[in-house]
Amino acid sequence: MKNAFRALRTRNYRLFFTGQLVSLMGTWMQIVAQAWLVLELGGGGLEIGILTALQFGPTLLGGVWGGLLADRLPKRKILLVTQVLFAVLATGLATLTASGAVELWMVYAFAFVYGSVQVADIPARQAFVSEMVRRDDVMNAVSLNSAIFNAARMVGPAVAGLLIAGASLALCFYINAASYIAVLLALTLMRDRELHVDHERPERGKGQIREGMRYVRADPQLWMPIVLMGIVSMLGLNFQIVLPLLAKFTYGGGPTTFGTLTAVLAFGSLLGALFAGTRKRASMKLLVGAAVAFGALEIVAALAPSLGTAYVALGALGVASMLYIATSNSAIQLNASPQMRGRAMSLFVLVLLGSTPIGGPLVGWIAETWSPRAALGVGGVASLAAALVAGAFLAGRRRGERQAPAPVPIPEEVLAAEAS
């Protein structure tokens, strides 16, 4: 693990890392507080599902436009604008909540606008990693981003729970608004001359979205991770839906059991991110291997006979899930050209987050119709099958390359005759 933090040697990335660590704590506090606010306003599971769809729906509808924006404009400037907008939104929701004037439709509206800002923010933030660090450190930086995301996922909700019980919901939103100051400060202190921007930005023109899609479709090292992620994300990564149902209906537990299951998965994900950070290359072999491990371990978790074995299986599943996600993200960043990186990353984000409004209700229906174990198992089987198909495709492609006939050398006398 000695190389797990090597990207932090780069000053610009070190600033970015610190700002994100603070901001993500606030983000997870807001996620928990927002869901609890929906419940306090008389909502239930359906209303929380609508909230999730409104927040991630804009990514599904406009994600590729955000990628094009990231290719056209300086990514750091995009992020400066989006962080200000996020802070304004959090402050507005906090003020309405503190005043007692907030209504359910207002929470929905804030979630939709927040998701709309994410359309520009996420592709720019993902692609910006390649401009902050050297090529050899890209996978390490991506993995560290995943590590702080999962660290925040463990700490943020716990702090939010204490604040909601001991203070107020509005305080969680105010703290999140203040947390964006750390990101703004980090972005402002960065040195432009140390950013790795060695390409011309595409000018405005027609067909640039289609151009990006054609570019991705022509390279298996780009389209295969995106297609595979689409399947895995839609059916296999819906833990926020399956875990509470598993805790309550399968193991007969309550909020404590749900919280422990979530914490174990997050801790495994943190370890997986740190392990991924020790890798220097995001090879297709590692990508498929991580996807196979993820699918197999999700099936094991679905079949876990007791709560204790479920904890062990979910911890291992967290390791595999984050290794797979970090490898997929890095593979696209490293294989896409700088001029196309924003659009390629937007397609990755589209299938990673945009599939939630589609896969979430389906997985929830499976859990309700059959059982939470079935929902978890279906995700595992689908992920494993997709990974095995991808592995077979890569193996066949490599065999074809090895069996391709070598070019026949042209005799010197023929070359001489053509030259004359």
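Helices here are DSSP runs of H or I with at least four residues, numbered from the N terminus. R279, for instance, sits in the loop between α10 and α11, the latter covering residues 284-303. The model is predicted.

Start with the whole chain. Its secondary structure comes to 16 helices and 0 strands. The chain has 420 residues, and buried residues make up 51% of them. Now take the contacts with a separation of 6 or more. Residues 24 or more positions apart account for 87% of these.

Return to R279. Its relative accessible area is 33%, so R279 is partly exposed. Leave out residues up to four places away in sequence, and R279 touches R6, M139 and L286. D136 is 143 residues from R279 in sequence. In space, the C-alpha atoms of R279 and D136 are 9.5 Å apart.

Step back into helix α10, which spans residues 255-276 and holds S269. S269 is buried, because its relative accessible area is 2% and buried means under 20%. A polar atom of the S269 side chain lies 2.9 Å from the backbone oxygen of L265. Neighbours within four places in sequence aside, S269 is in contact with N150, R153, G318, V319, S321 and M322.

Next, go to helix α1, residues 11-40, where G26 is found. The relative accessibility of G26 is 2%, so this glycine counts as buried. G26 touches N176 and S179, not counting residues up to four places away in sequence. A90 is 64 residues from G26 along the chain, and their C-alpha atoms are separated by 9.9 Å.

I31 also lies in helix α1. Is I31 buried or partly exposed? At 35% relative accessibility, I31 counts as partly exposed. The C-alpha atom of I31 is separated by 9.1 Å from that of A160, a residue 129 places apart from I31 along the chain.

Now look at helices in pairs. Helix α3 runs over residues 75-99, and helix α4 over residues 104-132. They pack with their axes 9 Å apart, at an angle of about 155 degrees. Angles over 145 degrees count as roughly antiparallel, so α3 is roughly antiparallel to α4. The crossing of the pair is left-handed. What classes of residue make up the contact of α3 with α4? There are 16 nonpolar, 4 polar and 5 charged residues.

Helices α7 and α8 make another pair. Helix α7 covers residues 208-217 and helix α8 covers residues 220-236. Their axes come within 6 Å and cross at roughly 95 degrees. Angles of 65 to 115 degrees count as roughly perpendicular, so α7 is roughly perpendicular to α8. On the α7 side, the contact is made by Y215, V216 and R217. On the α8 side, L222, W223 and I226 take part. By class, this contact has 5 nonpolar residues, no polar ones and 1 charged.

To recap, the chain has 16 helices and 0 strands. The α3 and α4 pair is roughly antiparallel. The α7 and α8 pair is roughly perpendicular. R279 is partly exposed, and I31 is partly exposed.

Methods. Residues numbered from 1 in each chain as written. Predicted model: local features only at pLDDT ≥ 70, side-chain atom pairs only at ≥ 80, totals over all residues. Heavy atoms only, no water. Axes fitted to C-alpha atoms, helices over the stretch in contact; angles between N-to-C directions. Helix = DSSP H or I, 4+ residues; strand = E, 2+ residues; numbered from the N terminus. Parallel < 35°, antiparallel > 145°, perpendicular 65-115°, else oblique. Contact = heavy atoms within 4.5 Å. Nonpolar A, V, L, I, M, F, W, Y, C, P; charged D, E, K, R; others polar. Left-handed = near helix turned anticlockwise from the far one by under 90°. Buried < 20%, exposed > 50% of the residue type's maximum accessible area, 1.4 Å probe, protein only. Polar contact = N/O pair within 3.5 Å; in protein donor to acceptor, adjacent residues only side chain to side chain.
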